[in-house]
Amino acid sequence: MSAIAVDSLYKVFGKGARSAVAQLKSGTPRDQLSAKNVTAAVIDHNWSIEAGEIFVVMGLSGSGKSTLIRMLNGLIKPTSGTIRIGGVELGSLSKRELRRLRREKISMVFQHFALLPHRTVVENVAFGLEIKGLSKTERLERAREAVELVGLAGHEDKLPAQLSGGMKQRVGLARALAADTEILLMDEAFSALDPLIRQEMQDQLLDLQSKLGKTIVFITHDLNEAMRIGDRIAICDGEVKQLGTAEDILMRPADEYVAEFTADVDRTRVLTAEAVMEPCGTRDTSAFPKVESDVPVNELYEPVLSSKAPLLVVDDNADPLGVVTPRSIIKSLSYDPAAEHGTAIEEERQPA
Amino acid sequence: MIEYLRNWFWTYIWKPLPDMPFGDWMESFIRWARDAWATGFDAVDSGLEFLYVHLADGLLWLPSGVMVLLFAAVAWAAKGWKLGVGIGLGMFVVAWTPYWEQTMQTLSMVLVSAAIAILLAIPLGIAAAESKAFSAVARPVLDFMQTLPAFVYLIPVVMLFSVGVVPGIIATIIFAMPPGVRLTELGLRQVDREVVEAGQAFGASPARILARIKLPLALPTIMAGLNQVIMLALSMVVIAGLVGGGGLGSVISGSLGRLDIAAGFNAGLAVVLLAILLDRVTQGLSDRTPVARAAKLAR
């Protein structure tokens, strides 16, 4: 059973939303709907997330990603379609049951932190536990643990106004972690932070995730961020344009829209040895230095330059997969999906 | 031609209209209400009278010298020692005038009416913030309460409650309540949407979101409303004096009749100093709310 599953999910804002959905279903593009003043935010989403996965929804502003994440915890009702959280359909729940589900299963981290300014760090972190009805001593104790987990030990009794942006968002993250839910929704959680702090927070999130194994839905408009933290990425513009791993999206963009996004991604951090290798051919590879297939390209420069022979890419069982040469790296990195996309489609049409 | 049109209008359009009846309707409604709800009005009358009399007695129980020190202590606690000294000096001047007793009567009238006004205003403000329909209905009613000249509603109020301190209190409540409602609504509507959403996302019930998130965050604005309510209440004392409300208002309206400049000035001075006391103390309290203190830290 999937942790989260959505099925033909639509959300249209404005009067005449239902007929707009019917039109969308019959294939009308979102900018040609007959009813004026309707905005199609989420169009025909069908996907599911397994427990323990980091699922990134990436899109520009107005692509419906904030609407989508708010539908996952029932803050916004879908116009049509279903959402299942751990097999339970949200539409079938009463308001009370929905609140209970939010208390026990889903927590959320907000773009602008959404902290209570008059409460100290530890009191803010305890907020979710307070709503769950824990006693004061117990919730403060668990809040302190969460504060320590995100590396804010020593700042427990400060007020949010005394913290920097990155520290505030750590409080937001600690609040979500303290609630101890399986699912974590992160709405542009790092977008308001400076680039350096943002990277630090991404690392910390990955580090925490390796310990905690939550199911995370992460919303962002930054493809580099998406590629860095996402196990799978859904690129959205109302509808899902492409859903896949970072490498899928970078090497095999589904259409021009996706290809344009990938143009300014730092490919050396996302692509791995496996992605830039060429076939071994008939060469004798036994003397070549070996690299693991999942090493990112930016860690290959040094070994590939210091070795006269190509590098041999091996899988987990040390079986050879291919070879990496300076030429193969340059070739893969200079690949411009936006320019080549037209030919890619033609190739697909030819019988394999 | 124009002459003809004018005659035509006055003869055929305007003349058939009966006499404008709104005033008569109001009068018969008030007369009817006086008889129909007599017990209710009596209860309100004696309740307010009771509150006023006991509060005034309490304020006059101690000698004025001790009270001056007490007021200074309250101001100190609310803001700091500077305000404490200033208020102490001000109240000393008030105690020096011949009108200490009247000042305390006015103060208790202001406190009783402001307390009732804010107790009514906060729930109404909450309702207006939660419901757009209620807000749309409340707004013109509040405008009406605030702009209708006070003398106009003093007439029916005196008719319902007879002359004395109670009609003054009622008129003051009507006049002073609107900013309490408006600022409560404003404060609640200004609460950051994302913080409210955080409450919802963690599964808090609407009542809890109101009590734990919205009201604490709106408190500085609500306190500004309380300040406005109290200042408006004080501005009504002179008018209340006209209907036998006692206190400084009676002194002032009496000195107006006798052209007694000295008495009028002394009582006026007491009103001003009382206003400063009430304004600075409530402002001090509003700066002491947790949210306002946290905001100060951010600067």
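Predicted model: local features only at pLDDT ≥ 70, side-chain atom pairs only at ≥ 80, totals over all residues.
Local features need pLDDT of at least 70 and side-chain atom pairs count only at pLDDT 80 or more, whereas totals for chains, interfaces and linings use all residues. Residues are numbered from 1 along each chain as its sequence is written, with chains lettered from A and ligands numbered from 1 in the order in which they are written.

Helices and strands here are DSSP runs numbered from the N terminus (H or I over at least four residues for helices, E over at least two for strands), and two strands pair if DSSP finds at least two bridges between them. Strand E1 (residues 4–13) of chain A is joined to strand E2 (residues 39–49) by 7 bridges, and the two run antiparallel; within this pairing, A:Val12 stands opposite A:Ala40. E1(A) also pairs with strand E4 (residues 80–85) of chain A, again in the antiparallel sense, over 5 bridges, and there A:Ala5 has A:Arg84 as its bridge partner.

Further along chain A, 3 strands form an open sheet of mixed pairing in the order E11-E12-E13. Strand E11 (290–292) and strand E13 (320–324) are the edge strands, each pairing on one side only. From one strand to the next the twist averages 35°. E11(A) and strand E12 (residues 311–314) run parallel and share 3 bridges, with A:Val314 as the bridge partner of A:Glu292.

Turning to chain B, an unreviewed UniProt entry places the feature "domain: ABC transmembrane type-1" at residues 103–282; such annotations may be inferred rather than shown by experiment. This span is 89% helix and 0% strand, and its end C-alpha atoms are 18 Å apart. The unreviewed entry also lists "transmembrane region" features in chain B, among them residues 229–252 and 259–278. Residues 229–252 of chain B are 79% helix and 0% strand, with end C-alpha atoms 22 Å apart, while residues 259–278 of chain B are 90% helix and 0% strand, with the ends 29 Å apart.

Two helix pairs in chain B show how such segments pack.

Helix H7 (residues 132–147) and helix H9 (residues 165–189) of chain B pack at about 145°, their axes 8 Å apart. Here the contact includes B:Leu142 from H7(B) and B:Phe175 from H9(B), and its residues comprise 8 nonpolar, 2 polar and 2 charged.

Finally, the two chains meet in a contact that takes 21 residues from chain A and 19 residues from chain B. On the chain B side, helices H10 (193–201), H11 (206–235) and H15 (290–298) each supply at least two residues. That side of chain B divides into 13 nonpolar, 3 polar and 3 charged residues, where Ala, Val, Leu, Ile, Met, Phe, Trp, Tyr, Cys and Pro count as nonpolar, Asp, Glu, Lys and Arg as charged, and the others, Gly among them, as polar.

Technical notes:
Contact = placed C-beta atoms within 7 Å. Axes fitted to C-alpha atoms, helices over the stretch in contact; angles between N-to-C directions.
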